[in-house]
Amino acid sequence: MASNAVSAFQTQLQLGDGAASESFTTVAELRTISGPSLELETIDVTTHNTSQPWRSFIGGLLNAGEVNLDVNFIPTNPSHSYSSGILSDMVNRVQRNVKLVFPDAGATEWMFTCLVTGFEVTADPADVLIASVTLKLTGVPTLAG
């Protein structure tokens, strides 16, 4: 039986401009993406009345987690730069709408609001400049598909 797996090649991360009729710009030179790391926190509801010596839990708060990405860092690129890009968003504490666009047949889009909480540049002489970026999601993500 043939697999229905989808290649990750051409996955995009897009930044919203915050306008009323929001438009999105693709982050340049995206290397890898991981996340969002969705999580359901649990609440221990074990009591002395429990008939078996096993803990019991209920679902608590949902956490949309983080998205981590690496880019070939181009300091002057508008989607990376200190004046207008991801680095600017972190320094200025900007919450931005972001879309993760998958390369499946339906071009599935996940949308979320986030803060940039980490930006680390690696400058290995045997490689290109790389920036590792952490996005902390806030609120309810829209996970279509």
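Reader: What joins the side chains of Asp89 and Arg96?

Author: This is a predicted model, and in it the side chains of Asp89 and Arg96 are joined by a polar contact of 2.5 Å. Asp89 lies in helix H1, which covers residues 86–91.

Reader: Why is the pair of Arg96 and Asp89 also called a salt bridge?

Author: A salt bridge requires a side-chain nitrogen of Lys or Arg within 4 Å of a carboxyl oxygen of Asp or Glu. The closest N and O atoms of Arg96 and Asp89 are 2.5 Å apart, and therefore the pair meets the definition. In general, side chains of opposite charge can pair when their charged atoms come close.

Reader: How do you know whether Asp89 is buried or exposed?

Author: The term buried applies under 20% relative accessible area. Asp89 has 5%, so Asp89 is buried.

Reader: Which residues does Asp89 contact beyond its neighbours within four places in sequence?

Author: Asp89 is in contact with Val94, Arg96 and Val116.

Reader: How many salt bridges does the structure hold, and what are the others?

Author: The structure holds 3 salt bridges. One of them is formed by Arg55 and Asp44, at 2.5 Å from N to O. This pair links distant parts of the chain, with Arg55 in the loop between strand S4 (39–44) and strand S5 (57–63) and Asp44 in strand S4, 11 residues apart. Another is formed by Glu109 and Lys99, whose closest N and O atoms are 3.5 Å apart. Here Glu109 belongs to strand S8 and Lys99 to strand S7, 10 residues apart.

Reader: What is said of Arg31, and why?

Author: Arg31 is found in strand S3, residues 30–34. Its relative accessible area is 43%, so Arg31 too falls between the limits and is partly exposed. The side chains of Arg31 and Asn72 are joined by a polar contact of 2.8 Å.

Reader: Which residues of the largest nonpolar core touch the most other members?

Author: Of its 20 residues, these are Leu13, Leu69, Ile86, Phe112, Phe119, Val133 and Leu135. Several elements each supply at least two residues of this core, among them H1, strand S1 (12–16) and strand S6 (66–72). Beyond four places in sequence, Leu69 touches residues including Leu13, Leu30, Val133 and Leu135.

Reader: How does the radius of gyration of the protein stand against that of a compact globule?

Author: A compact globule of 145 residues would have a radius of gyration near 15 Å, but the protein has 19 Å. Along its principal axes the C-alpha trace spans about 65 × 45 × 45 Å.

Notes:
Residues numbered from 1 in each chain as written. Predicted model: local features only at pLDDT ≥ 70, side-chain atom pairs only at ≥ 80, totals over all residues. Heavy atoms only, no water. Helix = DSSP H or I, 4+ residues; strand = E, 2+ residues; numbered from the N terminus. Buried < 20%, exposed > 50% of the residue type's maximum accessible area, 1.4 Å probe, protein only. Polar contact = N/O pair within 3.5 Å; in protein donor to acceptor, adjacent residues only side chain to side chain. Contact = heavy atoms within 4.5 Å. Core = buried A, V, L, I, M, F, W, Y, C linked by side-chain atoms within 4.5 Å. Rg over C-alpha atoms; globule rule 2.2 N^0.38 Å.
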